[in-house]
Amino acid sequence: MAIAAANPTYRLPARRRTELGLIVLAVMLTGGLYMLASLGKAGSLPANIGPFLGIICALLLVAHLGMRKLAPYADPILLPTAALLNGVGYVFIARLDHHLAGLQALWTAIGIGAFLLTLFLVRHARDLERYRYIFALLGIGLLLMPLLPVVGTNINGARLWIRLGGVTFQPGELAKIALAIFFASYMVERGELLAKGTLRIGRFMVLDPKYIAPVLVAWGLSLMIFLFENDLGSSFLFFALFIGMLWVSTGRHAYLGLGAVLFTVGATFALKVIGHAQSRIHSWLNPWTLYDTPGGGYQTIQGWFAMAAGGVFGDGPGRGSPQRIPAAATDFIFAAISEELGLLGGAAILAAYMLMVGTGLRIAVRCERDFEKLLATGLSLILAVQTFVIIGGVTRLIPLTGVTLPFISYGGSSLIANYILLALLLRISNDSATPVAAAATDMTVLS
Amino acid sequence: MSTYSEGPSAQVRLTVLAVVIVCLFASLFARLWFLQVINEPKAQAAAQNNSVRLVYTPAARGRILDRNGKVLVDNTVSEVVTISRVTAKAEPEVISRLALLLNVSNDDLLQKVKDPRYSPYVPVPLAVNVQPAVVVYLREHQSEFPGVEAQAVAVRSYPYGTVAANILGYVSQISGQELTANRKRQGYQADDQIGKTGAESAYEDALRGRPGVTKLQVDSKGRVLDRAVAQAPVQGHDVWLSIDVNVQKLAEESLAQGLAAAKFNIDKGTGKNYPAPGGAVVVLNPQNGEVVALVSNPTYNPQDFVGGISQAKFAQYLNDPGHPLNDRTIQGLYAPGSTFKLVTAVAGLQTGIINPAQYFNDRGYLQVGKLTCSARFQVAGCFTNDNHQAYGQVNLSRAITVSSDAYFYQIGATFWNDRSKYGVDGLQNVARQLGFASTTGIPLPNEAAGRIPDPASRAKEHAQYPKVYTEGNWFTGDSVNTSIGQGEVAVTPLQLANAYATFANGGTVWTPQIALKITDQQGKVLQPLSPIGRGHVDIQPAWRDAMMAGFQGVAASGDGTAHSAFSGFPMTQYPVAGKTGTAQVQGKAPTSLFVSFAPANNPQYVVEAVMEESGYGADAAAPVVRRVYDGLFNLTPGQVVIGLGGKD
């Protein structure tokens, strides 16, 4: 705001120039990594280095120009960081599987399209608040889609995908965002009621069930769907998102306690009832004994070998053997990166995520309106928890559950959803950073 | 308005959230540090072992030859049709086409594709011994059979058919129990072949050779990234047996003829034909323990095991009452009957119970109980000669020649009655010295030890199984029974032949030797296998002469028990010494035995025949042995003529 205030003539904010500089840096890093990976693997520069650099430059330039037009005051760090992660992910996918790389390039283009479309459609974050029940229905509908008889598809024992004309899509990725919007607007609307007890029982004020019921229903329903679809990672993500947002919005520590209890109950239930969950826990604790059983510890151990092979400095791009890790391009891509870029590369990736999450939370802090503040918190939480769940799983810190690593893993739905998430965060950032005068002009133009 | 944005509390909560997230990421970093720096050497070592898969190519086994270099077990090339598992999975119609071509059922082939014994990195064998025409068809129509290959593999072949099958043994797939930690260390795989019986098993380590090893670098899906031949297969060594295949063949034919002829003979006790279901012949060199022939009848065809024996065929062998897979020469347990008198005579001489000059009045029986015995009738407590015959005044030589039981009963009874002087197992001790009641140590597997009963073993059995062994005490009658190789005495044909070899060579107990040397493929001797002496039995020349005279009389003397079997045999040129035996078996016709050695003045061969339920030793076994001698001494072997003399 200080910057905006210093530019009363509403010239293009300095933030966009910063962003452009960072984007150039990201492109250079990605291009360099791409060349190194090709040199390491084949001993020659990639034949398509020209078109490759051309395409990423073009894509990011379009995104940047869109930002200048649609969200000129938004944060300058998020887009270049996402572009860097996306680029690193692409290099590793290309290094592992040429066919997937082509698709990933297409998905990136579509993702950036979705990013711009979101910025274009959502001119003010507060506009979303009004459609809270539409987003609730949309979220649940998206979650339910894979259970439909014809289009729903099972992959690796989880029913998370829909297949339309040869293209598989994971609608749950988008559902997370829709539901985060719903939670934010609902919790803000009912904030006071949720924060303070309205029923007096003896000396205690307790929550009136009728106020919290819709949220509980949404949470329970979504959780059930995740369980039916065998997506434990998303289940946990969703749960953490909900409890985190509730706590941030109300400040009642009781919700954390309730969350812990519900988590214990849910986890126990899942362990008792869902074979998938049992085997995940079992292969987390005993990867070696289950080394040769299908779905056992093989993947984890191959990932462990790969990371250990990398050591501190890594084998070098293209010089490792990440093709030995099952699902190296999707769930286990972090192991592949850690093998070739080492502890330093892995730590850099972690730092990039922390930068994004931290920026997201800073955007939340700067928001004046509750809805935007809570939505920014929720979106940052999605990013943080998803990253933690998959990297924690790959490194065997926590049980392995199949979620994607945002912006890096191969996967169209994940990439599109994350670009939409990014667009929303930037929109919120832009809203709170726009100088009042500029905003007024904007409104005048609109009206 | 909500409390959310009011005051600092919301900002504080967001800060707390940020701190929590930083902590989570810090834990990820710590974990990465642990995996990539602290725990790295351990993982590197584990990874080495896990990304490399070793595939073993079995080496061709060494050959087995007879003492003159005639090949008894060779290798031949067999066409094996294999399929890659990837193809089998991806293109099931290939399996159907193959099933038609090989004329087997689809399910059979699918079963084989799933066989977990085969390494997932090598093609699975679907059919062995495939006809050349089929192989040609497969090669000409390769496009219809992707992933299918015909490979030539080495399998066992038997130029002499079933000859010496009991000695050679067979090769078959290693079983779970055989695949011990030790075998795994030697590089055995679950689909490997291993010698199961006979020489194939005894000399497995020499015959097997060194399997080829290919190192495969595999990826996460088990696809082969790289392959390197770490070690080429090396064929196993050749084993030269002490067997002479001509003698073996001769002995096998003689026994088969003898058994066939014995079936025509009528058992006077029952009035029925002798069943003569099987028997054994042993030929060995008494001077060094080399086994020249070991015959076990009935036998099996080792060719049936080539390329994997069918369940049905194997079950047929196992359920055959004649136990064709067992080697009777080392696993068959028989009462030795009168052939055991060798032991009793030596024991009597060693202890001084008898001496060669002393005469004994054979009245046809020995009275042990209180009742007065009669030569003609069966009385309790009386041990009679065969056919209740009385031989009158007999010395040791004559007692052997005519097979006087009473003479030897007397020795047995004395051992027990004067046990304060000779010990409770004086007789048994000599039997043990001569190699009974323990395995002879021949390198063939599954040899039986046999048994020589004594008071201690009797008491032990009674204590353990009082219902089966109702009597725990030892009586004079037991020693009397033992003295003529009856009662609970059980010996293997090889033990008995080896005991006579000891007598023939003057007292040395040899460990019977089945192989002479191990050579490489070029014939270079890698390991000579020398005769091994096990011990010495005191047989003084005077005793030996007297006994020798008796044994020679058996075949040569007019009233010798085996005289008729050796009629027309050139006794002066090749004097044969031997002893007949007719062992009573509870509920069955008697076992016919004849053990001999020749030439008596310089023994070169011990020849023994043991025939189950075939009648008198003189009638069935002696003619078989005679025919073997005919062959050994280059006389023309005639037909085995089963005698009807009814002599023990």
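Biologist: Among contacts in chain B between residues at least 6 apart in sequence, what percentage join residues at least 24 apart?

Modeller: Please bear in mind that this is a predicted model. Chain B has 648 residues, of which 52% are buried, and its secondary structure comes to 23 helices and 23 strands. Among its contacts between residues at least 6 apart in sequence, the share that joins residues at least 24 apart is 70%.

Biologist: In what order do the strands of the open sheet of 5 strands in chain B lie, and which are the edge strands?

Modeller: The pairing in this sheet is antiparallel, and the order is β12-β11-β23-β22-β21 in chain B. From one strand to the next, the twist averages 5 degrees. Two strands pair on one side only, and these edge strands of chain B are β12 (291-297) and β21 (577-585).

Biologist: Which residue of β12(B) is the bridge partner of V282(B)?

Modeller: Strand β11 of chain B covers residues 279-284 and is joined to β12(B) by 6 bridges. The two strands run antiparallel. Within β12(B), the partner of V282(B) is L294(B).

Biologist: At about what angle to β21(B) does helix α22 of chain B run?

Modeller: Helix α22 of chain B comprises residues 541-556. This helix lies across β21 and β22 (588-598) of chain B. Relative to β21(B), its direction is at about 75 degrees.

Biologist: What is the relative accessible area of E200(B), the salt-bridge partner of R156(B)?

Modeller: R156(B) and E200(B) form a salt bridge at 3.0 Å, N to O. This bridge links strand β5 (residues 148-157) of chain B, which holds R156(B), to helix α9 (residues 198-202) of chain B, which holds E200(B), across 44 residues. R156(B) is buried, with a relative accessible area of 6%. E200(B) is also buried, and its value is 0%.

Biologist: Which helices of chain B hold D405(B) and K341(B), the two partners of a salt bridge?

Modeller: Their side chains meet at 2.6 Å, N to O. D405(B) is buried at 6% relative accessible area, and K341(B) counts as buried at 2%. The partners are 64 residues apart, D405(B) being in helix α16 (residues 405-417) and K341(B) in helix α14 (residues 341-351).

Biologist: Why does the length of helix α5 of chain A agree with expectation, and what is the distance between its end C-alpha atoms?

Modeller: Helix α5(A) has 24 residues (98-121) and, at 1.5 Å a residue, should span 34 Å. At its start, a side-chain oxygen of D97(A) comes to within 3.0 Å of the backbone nitrogen of H99(A). Its buried residues include W107(A), F115(A) and L119(A). The span agrees with expectation because the end C-alpha atoms are separated by 34 Å.

Note on methods
Residues are numbered from 1 along each chain as its sequence is written. Chains are lettered from A and ligands numbered from 1 in the order in which they are written. This is a predicted model: local features need pLDDT of at least 70, side-chain atom pairs count only at pLDDT 80 or more; totals for chains, interfaces and linings use all residues. Side-chain values use heavy atoms; hydrogens and water are left out. Two strands pair if DSSP finds at least two bridges between them. Helices (H or I, at least four residues) and strands (E, at least two) are DSSP runs, numbered from the N terminus. Axes are lines fitted to C-alpha atoms, for helices over the stretch in contact, and angles run from 0 to 180 degrees between N-to-C directions. Contact means heavy atoms within 4.5 Å. A salt bridge is a side-chain nitrogen of Lys or Arg within 4 Å of a carboxyl oxygen of Asp or Glu. Buried means under 20% relative accessible area, exposed over 50%, partly exposed in between (1.4 Å probe, protein chains only). The expected span of a helix is 1.5 Å times one less than its number of residues. A polar contact is a pair of N or O atoms within 3.5 Å; within protein, one must be able to donate a hydrogen and the other to accept it, and residues adjacent in sequence count only if both atoms are side-chain atoms.
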